[in-house]
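Please read the points below with the structure open beside you. They are meant to be checked one at a time.

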Amino acid sequence: MIYLDNAATTKPCEECISAMNEVMRQAFGNASSLHKMGTASIEIISRAKRTLLSTVTGSKAIFDGDVVFTSGATESNNTALRGINFRGKKIVTTAIEHPSVARTADVLEKQGFEVIRLAPKDYENFEDAIIGSVDKDTALVSCMAVNNETGFSIDIPKIYKEIKKKNPATVVHIDAVQGFLKVPLDGDLISVSGHKIHAVKGIGALFIKKGVNVSPLLFGGGQQKNLRSGTEPVELIAGFEAAVKAYHGTAEKFNELKARLLDGLYGLSDIGINSNEKCVPNIVNFSVRGVRSEIMLHSLEEDGICVSSGSACSKGKTSSVPAAFGISDKGADCAVRVSFCAENTAEEVDRLIKKISETIERVRR
Ligand code: PMP
């Protein structure tokens, strides 16, 4: 199998699996228990928190705040958008957000907030557009670091700094699911997800900057400083930490794979590349004119190659995201997303190109 759908989910790494196994076998205590099994669990959680706080920004700076473990980024995003103290009536977000942010923003709009949704196609400089939309009445900015469909990335440290200069009371939330461990990050609230970085599904985190108040979504036993009730899933947390430590994807490696893929695609006719120079190198979105995504996907699948059409999260539904990038409906219909991990090879890219070429010939015959 050639797995090129790492933006949808990644294969759990050995380090994650071993760490989870060890905790399940030896340290399965409830972190609320007063005996030593409980203490052991608390220690595992504290260590994982330290690891996450020291890696999230992508620089030497340790994140100045706390981290809450959640069931994944959908929960982190919901907690962020629904849990903050709103000081103002406006919300600035983008038209390319994941549904876990977009649908929550829709609900807030129905409750009376004015929601501004910016589309990259309308601006030369998207960072300036985001910063420029913030005023005295902006309670929240929620924007993603890297788009899951095209790989389009936003300079997060820059917008965070400038937004705070304009209005220190604006809470800045970053959905960093696709950017974590890949691009520099900052923010008042940052959402990440384990299964995109070779941990397992069902674990994520919300980073909360010192001084930012968040109300919990769930009421219950008051775990995690009452920010996220529910017995802490120690094995998932240990696996998440192990995956973070073991992560070894580099821009250099992804750039090589991307260059090879683009080279191959340029050699074929009727290909439109939807990922521009503002996109991270591990995600490449392109359209093969005249071959619908579904046909291409199934043809590649016959050869054991897994890619995606747009986003796996919008399965069965037409995504409005391609249009916000200026991709035509026709282009979106034929869009294919290839997303790499560190284990992918040049040979795999070559096989993908060969199979795409064969599929084009077969369909057009
Ligand atoms: N945000 C983005 C950008 C994503 O790509 C995803 C997952 N596709 C999510 C949020 C949701 O993450 P999770 O699966 O952990 O709920």
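1. A residue is called buried under 20% relative accessible area, exposed over 50%, and partly exposed in between (1.4 Å probe, protein chains only). At 33% relative accessibility, Asp303 therefore counts as partly exposed. Asp303 sits in the loop between α9 (293-302) and β11 (305-306); helices (H or I, at least four residues) and strands (E, at least two) are DSSP runs, numbered from the N terminus. Leaving aside residues up to four places away in sequence, Asp303 touches Arg351 and Lys355, where contact means heavy atoms within 4.5 Å. From Asp303 to Glu232, 71 residues apart along the chain, the C-alpha atoms are separated by 41 Å.

2. A note on the source. The model is predicted, so local features need pLDDT of at least 70 and side-chain atom pairs count only at pLDDT 80 or more, while totals for chains, interfaces and linings use all residues. Residues are numbered from 1 along each chain as its sequence is written, and side-chain values use heavy atoms, with hydrogens and water left out.

3. Does the length of helix α1 (residues 14-26) agree or disagree with what its residues should span? The expected span is 1.5 Å times one less than the number of residues. For the 13 residues of α1 this gives 18 Å, and the end C-alpha atoms are 18 Å apart, which agrees.

4. Which residues of α1 are buried? They are Cys16, Ala19, Met20 and Val23. Seen down the axis of α1, these buried residues fall within an arc of 95°, so they line one face of the helix; the arc is that of the directions from the helix axis to the C-beta atoms. The buried residues of α1 pack against α2 (36-55) and α7 (234-246). On the face turned away from the buried side, α1 carries the exposed residues Glu14, Glu22, Arg25 and Gln26.

5. Helix α6 (residues 156-166) has Ile156, Ile159, Tyr160 and Ile163 as its buried residues. Down the axis of α6 they fall within an arc of 100°, so they line one face of the helix. They pack against α5 (126-132), β5 (138-144), β6 (171-175) and β8 (204-209). The exposed residues Lys161 and Lys165 are on the face of α6 turned away from its buried side.

6. Two residues in the loop between β8 and α7 deserve a look. Lys225, in that loop, has a positive phi of about 55° although it is not a glycine. Lys225 is exposed, with a relative accessible area of 61%. Asn226, in the loop between β8 and α7, has a positive phi of about 65° and is not a glycine either. At 41% relative accessibility, Asn226 counts as partly exposed.

7. On a 1 Å grid over the protein atoms alone, a pocket is an open set of points with protein on both sides within 12 Å along at least five of seven lines, and a cavity is a set of points where a 1.4 Å probe fits but cannot get out; lining residues have an atom within 4 Å of a point. Grid points are joined across faces, edges and corners, and a volume is the space filled by probe spheres set on the points. The second largest pocket holds about 440 Å³ of space. Of the 22 residues that line this pocket, the closest to its centre are Lys11, Pro12, His198, Cys341 and Glu343. Both α1 and α7 supply at least two residues each of the lining.
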